[in-house]
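Please describe the ligand site and the pockets of this model. Cover the shell, the contacts and the linings.

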Amino acid sequence: MAVEIKRVKYMPELRQVAELASEIWHECFVGIISEGQIDYMVEKFQSLPAMTDQIDRQGYSYFSVYDEGELCGYTAVKPEKDDRLFLSKLYLRKDKRGRGIASQMLERVFEEARILGKSRVYLTVNKHNDHAVAVYEKVGFTKADVAVTDIGGGYVMDDFIMEYVL
Ligand SMILES: CC(C)(COP(=O)(O)OP(=O)(O)OC[C@H]1O[C@@H](n2cnc3c(N)ncnc32)[C@H](O)[C@@H]1OP(=O)(O)O)[C@@H](O)C(=O)NCCC(=O)NCCS
């Protein structure tokens, strides 16, 4: 069975994505941000209520990624009012990395941008997330700016803003 990427439409699947998100975040951000900040950000951005609100009230779409029928990743996007699509999330479980799945996920994001009539995709990525930055650069994103964002709880996000022109 090939990789399948599909829009998340129903609550039971979103609940599974929330569980996967917590697992991935507690693995991939160790050494980049503190455990406390990981817990805080998972609750604030990737809990089931947070994601439900993003979809219902903030214009986000989530896409789940299945490999051999197994949920192993997710991505989320939000159209801006201008010509940009915001790539908000791109996460793949560790054992599924390095297999070309990320490129398929990004292709789906670019397809969504085209469907929505957008000409640019942008994202924020932690400045110390070297692998993700390298992946984005390989695909054709370039660093456009930096941003330090106060997310409450005494935490900040220290990011590059990267942009891809379709
Ligand atoms: C970011 C993430 C989804 C990328 O998935 P991945 O499986 O690790 O990516 P891949 O290894 O398939 O790499 C994707 C492409 O970048 C290339 N690449 C990877 N590392 C590279 C490097 N250091 N230098 C240059 N190119 C690189 C790969 O060759 C591949 O290109 P190809 O498809 O043309 O062969 C995954 O690493 C992940 O989930 N990380 C943890 C969560 C995270 O940090 N998300 C981003 C938050 S902003």
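Four elements each supply at least two residues of the shell around the ligand: β4 (84-92), α4 (101-115), β5 (120-126) and α5 (130-139). Helices (H or I, at least four residues) and strands (E, at least two) are DSSP runs, numbered from the N terminus. α5 gives the most to this shell, with six residues.

The model is predicted: local features need pLDDT of at least 70, side-chain atom pairs count only at pLDDT 80 or more, and totals for chains, interfaces and linings use all residues. Residues are numbered from 1 along each chain as its sequence is written, and side-chain values use heavy atoms, with hydrogens and water left out.

The ligand has 18 residues around it; Gly-98, Ser-103, Asn-129, His-131 and Lys-138 come nearest. Near means that a heavy atom of the residue lies within 4 Å of the molecule. By class, the shell has ten nonpolar, six polar and two charged residues. Ala, Val, Leu, Ile, Met, Phe, Trp, Tyr, Cys and Pro count as nonpolar, Asp, Glu, Lys and Arg as charged, and the others, Gly among them, as polar.

| Residue | Protein atom | Ligand atom | Distance |
|---|---|---|---|
| Leu-90 | polar backbone atom | nitrogen | 2.8 Å |
| Arg-97 | polar side-chain atom | oxygen | 3.5 Å |
| Lys-138 | side-chain N or O atom | oxygen | 2.6 Å |

The protein covers 72% of the 940 Å² of accessible area that the ligand has on its own. Areas come from the Shrake-Rupley method with a 1.4 Å probe.

The ligand takes the space of the largest pocket. That is, more than half of its atoms lie within 2 Å of the pocket's grid points. On a 1 Å grid over the protein atoms alone, a pocket is an open set of points where a 1.4 Å probe fits, with protein on both sides within 12 Å along at least five of seven lines; lining residues have an atom within 4 Å of a point. The largest pocket holds about 1,200 Å³ of space. Its lining counts 49 residues, and Leu-90, Tyr-91, Thr-124, Asn-129 and Tyr-136 lie nearest the centre. By class, 28 are nonpolar, 13 polar and eight charged.

The second largest pocket holds about 160 Å³. α1, α3 (48-57) and β2 (61-67) each supply at least two residues of its lining. α3 gives the most, with three. Among the lining residues are Arg-7, Tyr-10, Asp-56 and Tyr-62. By class, this lining has seven nonpolar, two polar and three charged residues.

Notes
Polar contact = N/O pair within 3.5 Å; in protein donor to acceptor, adjacent residues only side chain to side chain. Points joined across faces, edges and corners; volume = space filled by probe spheres on them.
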